[in-house]
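Q: Could you walk me through this one? I'd like to go through the strands and then the helices.

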Amino acid sequence: NIRKLSTKGLTDDRASSLWDSISLTSAQDDVIKAFHIIEPKITGLSFVAADNESNDRLPIIKLSDMPEPIPLKSLGDGMTRLFHIILSLVTAKDGVLLIDEFENGLHWSTQTKAWELIFILAKQWSVQVFCTTHSKDCINSFEDVWTQNPEEAAFFRLYRKENQSHIKAYDLEMLSDAIETETEVR
């Protein structure tokens with residue numbers, strides 16, 4: 001069971017299909033709880049027909065202080081990105097999730113909470129998560145959470161030197177030291 005999440009995220013069609021596969025389950029509850037990282041007033045999510053002429057479905061959310069649902073996209077790219085990450089994770093049960101440019105759309109101030117949730121849900125749903133990033137903020141947030149879960153993660157730097165690809169493995173102490181001394185690890 002392998003899920004891939006590109007920098008562009010999921011299409012609405014793919015997201016609606018994945019959502020249908022977890023509807024009315026504890027996985028759905030985990031996705032709704034994840035929204036609270038950015039917007040604690042979200043109480044539900046559904047997909048509705050985009051128009052009468054197509055089979056397209058769009059995600060809408062319910063906020064506790066609004067009488068009518070609103071489109072998920074109206075809450076910004078970060079909310080949509082978080083939805084796609086968590087939906088992909090919970091539907092990759094007992095498998096692997098590949099996330100390209102984890103931080104895309106996520107404000108730096110929410111990234112530590114997002115990483116905390118990734119660590120919790122990856123363990124809960126038995127998913128091995130691989131993420132790429134070029135973001136210093138993302139790496140700093142990852143290191144903060146890894147410090148609290150030293151047995152649950154790994155960090156590798158991929159780089160090119162003399163026209164060859166290389167991999168440098170970092171343990172937690174090495175990454176912490178590199179961040180503290182502002183050594184380039186991206």
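This is a predicted model: local features need pLDDT of at least 70, side-chain atom pairs count only at pLDDT 80 or more; totals for chains, interfaces and linings use all residues.

Q: How many bridges join β2 to β3, and do they run parallel or antiparallel?
A: β2 and β3 run antiparallel and are joined by seven bridges.

Q: What order do the strands of that open sheet take?
A: The order is β2-β3-β4, three strands in an open sheet with antiparallel pairing. β2 and β4 (70–71) are the edge strands, each of them pairing on one side only.

Q: And which strands does α2 lie across?
A: Helix α2 lies across β2 and β3, and its direction is at about 115° to β2.

Q: OK, what is the order in the open sheet with parallel pairing?
A: That open sheet has three strands in the order β1-β5-β6, and their pairing is parallel. Its edge strands are β1 and β6 (128–131), each pairing on one side only, and the twist from one strand to the next averages 15°.

Q: How many bridges join β5 to β6?
A: Strand β5 (residues 96–99) is joined to β6 by four bridges, and the two run parallel; for V96, the bridge partner in β6 is Q128.

Q: Switching to helices: at what angle do α2 and α4 pack?
A: Helix α2 (residues 26–35) packs with helix α4 (residues 108–125) at an angle of about 175°, and their axes are 12 Å apart. Because an angle over 145 degrees counts as roughly antiparallel, α2 is described as roughly antiparallel to α4.

Q: Which residues meet there?
A: From α2 there are S26, A27, D30 and A34, and they meet L117, L121, Q124 and W125 of α4. Sorted by class, this contact of α2 with α4 has five nonpolar residues, two polar and one charged.

Q: Which residues of α1 are buried?
A: In helix α1 (residues 12–22) the buried residues are D12, A15, S16, L18, W19 and I22. They are on the same side of α1, because the arc they cover around the axis is only 165°. On the other side of α1, D13 and S21 are exposed.

Q: What covers the buried residues of α1?
A: The cover includes β1 (2–5), α2, β2 (42–49), β3 (57–63) and α3 (77–90).

Q: Is D94 buried or exposed?
A: D94 counts as exposed because its relative accessibility is 54%, where the cut-off for exposed is over 50%.

Q: Last topic, how do β7 and β8 pair?
A: Strand β7 (residues 155–161) pairs with strand β8 (residues 164–170) in the antiparallel sense, over seven bridges, and F155 has Y170 in β8 as its bridge partner. The two strands form a hairpin with two residues between them, and E162 in the turn has a positive phi of about 50°.

Q: What is phi for N163?
A: N163 lies in the loop between β7 and β8 and has a positive phi near 65°, in a residue other than glycine. N163 is exposed, with a relative accessible area of 69%.

Technical notes. Residues are numbered from 1 along each chain as its sequence is written. Side-chain values use heavy atoms; hydrogens and water are left out. Axes are lines fitted to C-alpha atoms, for helices over the stretch in contact, and angles run from 0 to 180 degrees between N-to-C directions. Angles under 35 degrees count as roughly parallel, over 145 as roughly antiparallel, 65 to 115 as roughly perpendicular and the rest as oblique. Contact means heavy atoms within 4.5 Å. Ala, Val, Leu, Ile, Met, Phe, Trp, Tyr, Cys and Pro count as nonpolar, Asp, Glu, Lys and Arg as charged, and the others, Gly among them, as polar. Two strands pair if DSSP finds at least two bridges between them. Buried means under 20% relative accessible area, exposed over 50%, partly exposed in between (1.4 Å probe, protein chains only). The arc is that of the directions from the helix axis to the C-beta atoms.
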